[in-house]
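Try each task before reading its solution.

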Amino acid sequence: MDDVTDQLPAEIDALQALVTAARAERDAAIAMCDAAITARDHALSQMDRLRHLLRQLQRAQFGRRSEKLDPEQLQLAIEDIEQAVAAHEAAEVKKDPAGARQRAEQRRAHRGSLPPHLPHIDVTIAPEDTNCPCCHAAMHVIGEETSKRLDVVPAQFRVIVTHRPKYACRACTDGVVQAPAPERLIKGGLPTEAMVAHVLVAKYAWHLPLHRQAQMLLAQGIDIKRAVLAFWVGYAAAELHPLWRRLREIILTASKIAVDETTAPVLEPGRGRTKKGFFWAIARDDRPWGGTDPPAVAYTYAPGRGAIHALELLDGYRGIVQCDGYAAYKTIANGPAGEAITLAFCWSHLRRRFYDVAENGPAPIASEALARIAALYGIEKTISGRSAEERRTIRQERSKPIVLALEAWFELQLTRISGKAKIAEHIRYALNHWDGLTRFLDDGRIELDTNIVERSIRPLVLNRKNALFAGHDQGAENWACIASLIETCKLCGVEPQAYLTDVLTRLVNLWPASRLDELMPWAWAKQHASQLAV
């Protein structure tokens, strides 16, 4: 203390100046601290707000707000918010090393594991000097810390150079031997079957139009025009057509299928505009009731949406057709083919009608209808995966009373409201389709809705958004062919690139038509798994 006192100036003016400077320094430090606290609180508040908004959007996928946003737009919104949260967190990490270490430990504990089939590259980081800092003797390893991170090698294009040497006998003149050239999808062309498969998957699985793929290739110094890529796709589609037709045949042997359709704009030659074609989808998925048949979907292009196309699509089918209330399906069921077809209608389509009314303001009848339908879906969640007989039994016990009460309630509401009201139209729609809507009560194989086929329609819609239209009817049919195989691969957990590479190679090497069933995605997956196990 005496040393500090001795250092203070004796003059009053100098002492006052020193105190003033100290106060200014203190005030500046306090201001800096307050600013840091304010910035931290603002960042935390911002992150809390973003997290709250993120939770709201995530809940909106399953709640009443889910139909206010297109599912793809909803995902984009969620992605942007997640990125904003991460950016704020990254900024905080730089300011708070202790918090960064804590977050790293939490992340390490919850990040999950990486697939064991991926190549593992071992990198060892050792100290520059492994001699003891005290006695300089060589030290030995007593343990180590390991960490795993996911890395990527960008797509690498390469050139396969095939050499076929010719052999001749020095003693003879005619004894020249050479191995036969392997068959190719495009004879005299540049691509391997793997390259063509890459183009197909990029276009039809990940929705990259060919002109974008051409630009991506050019960025790597590979100048292949869009027209050339289209030529490759056409050759592949021609090779895959028999497999696609067989896939449709197999799906139509199922006891129950789901059917839906979506528009397919197609350029109309000579008129400079598009015409409205349609993709019809048929899907099979027996997993909800423990069926053994693998899931599959097949698309068919048709120039229209009329009953004649639906009749052609389901020609010869015998079984249950789950669908919406579109008149074309009812025409089939009421015609000669209807004796073999049983229609089961979709509760999800009915629910949307009431949702459209409820979202525009107070609508007690619509809200009550939604609540009663939600009760049916609640029961369905508890029986997913059980056998068909178990599902039927539980539905008879728990769902049937709800359905009977809903029918009586609908009829009562019609006596209380104007027949011209929109809600009356929706109630009449429900009652007019009641037999098909309630068919699930007596058959455990039937689902409450057609979501399996509606989910399969989405990839077509995404491609349509990117490609805008098909250039020709044949192009639309090729689209249906390739998309059918790729989407069935996804349903069966098969990687489309590996599948199409192998299947195209087998087909161009004259795979027998009698063995096409072995090339179906589910059969291919079993063969591939058994080969890996050997």
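**Exercise 1.** Which residues of α7 are buried?

*Solution.* Start with the ground rules. This is a predicted model, where local features need pLDDT of at least 70, side-chain atom pairs count only at pLDDT 80 or more, and totals for chains, interfaces and linings use all residues. Residues are numbered from 1 along each chain as its sequence is written, and side-chain values use heavy atoms, with hydrogens and water left out.

Buried means under 20% relative accessible area, exposed over 50%, and partly exposed in between (1.4 Å probe, protein chains only). Helices (H or I, at least four residues) and strands (E, at least two) are DSSP runs, numbered from the N terminus.

Now read off the list: Leu-229, Trp-232, Val-233, Ala-236, Ala-237, Leu-240, His-241, Leu-243, Trp-244, Leu-247, Ile-250 and Ile-251 are the buried residues of α7. To make sense of such spacing, recall that an α-helix has 3.6 residues a turn, so residues three or four places apart point the same way.

**Exercise 2.** Find where α7 bends.

*Solution.* Follow the helix through residues 226-251; at Leu-240 there is a bend of about 45 degrees. The angle is taken between axes fitted to the seven residues ending there and the seven starting there.

**Exercise 3.** Is Ala-214 buried or exposed, and what does Ala-214 contact beyond its sequence neighbours?

*Solution.* First locate Ala-214 in helix α6, residues 210-219. Its relative accessible area is 13%, so Ala-214 is buried. Then list its contacts (heavy atoms within 4.5 Å). Setting aside neighbours within four places in sequence, these are Ile-224, Lys-225, Arg-226 and Leu-229.

**Exercise 4.** Describe how strands β6 and β7 pair.

*Solution.* Two strands pair if DSSP finds at least two bridges between them. Strand β6 (residues 319-323) and β7 have five bridges, in the parallel sense. As one case, Gln-322 has Ala-344 of β7 as its bridge partner. Finally, check the cover: four of the five residues of β7 (residues 341-345) are buried.

**Exercise 5.** At what angle do α5 and α17 pack?

*Solution.* Helix α5 (residues 193-204) meets helix α17 (residues 496-508) at about 130 degrees, with their axes 8 Å apart. Among the contacting residues are Leu-200 of α5 and Leu-504 of α17.

How values were computed. Axes fitted to C-alpha atoms, helices over the stretch in contact; angles between N-to-C directions.
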